[in-house]
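This briefing looks at how the parts of one protein chain are arranged and where they meet. Please keep the sequence and the model in view while reading.

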Amino acid sequence: MTGYARLLWVLLVLVLVLSGVSLSLGPAKIGFAEAFHALGAGEGSMEAAILWQIRLPRLLLGLLVGGSLGLSGAALQGLLRNPLAEPGIIGVSASAGFGAVLALYFSAAGMTLSVPFSAMAGAGVATALLILLASAMPVC
């Protein structure tokens, strides 16, 4: 097994262990073994309701958001061919904030997803403009 495959397996096991720990943490005292028993038991107990309706969605959302941030960071670093690149270097974060402010200013905040979509549109426009300008400039 290569070093990368071994690292991938170690990280996968670490994510699974930390996910199990996350399911057992919270104000309601549910132990590690009780958490997995309640997950398998179904909707009959209070512990199962807490796990299925609060902790499991929180865990899945955290995994999805973390994975999305990791993928978008890797895509940005690949695009710029710079392993130290981050969104603030090229103005993506500021452009996303500007898009969100525009949505708020023009009273589109009443629509539920207008602010996040405007923020993503602002970031996308800034990135596209940067790529367009960078491809048009002669290389010295």
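Domain bounds here come from an automatic or database domain assignment, and for the protein chain that assignment gives domain 1 (1-86) and domain 2 (89-139). The C-alpha centres of domain 1 and domain 2 lie 30 Å apart. This is a predicted model, in which local features need pLDDT of at least 70 and side-chain atom pairs count only at pLDDT 80 or more, while totals for chains, interfaces and linings use all residues. Residues are numbered from 1 along each chain as its sequence is written, and side-chain values use heavy atoms, with hydrogens and water left out.

**Interface between the domains**
- The contact (heavy atoms within 4.5 Å) takes six residues from domain 1 and four residues from domain 2.
- Domain 1 and domain 2 bury about 380 Å² between them, 76% of it on carbon and sulfur atoms, where buried area is the accessible area (1.4 Å probe) that two parts lose on being put together, summed over both.
- Of the area that domain 1 buries against domain 2, 75% is supplied by Leu79, Leu80 and Glu86, more than by any other three residues.

- Between domain 1 and domain 2 the count is zero salt bridges, a salt bridge being a side-chain nitrogen of Lys or Arg within 4 Å of a carboxyl oxygen of Asp or Glu.

**Annotated spans**
- The unreviewed UniProt entry places the feature "transmembrane region" at residues 59-76, 88-108 and 114-134; such annotations may be inferred rather than shown by experiment.
- Residues 59-76 are 100% helix and 0% strand, with end C-alpha atoms 26 Å apart, helices (H or I, at least four residues) and strands (E, at least two) being DSSP runs.
- Residues 114-134 are likewise 100% helix and 0% strand, and their end C-alpha atoms lie 30 Å apart.
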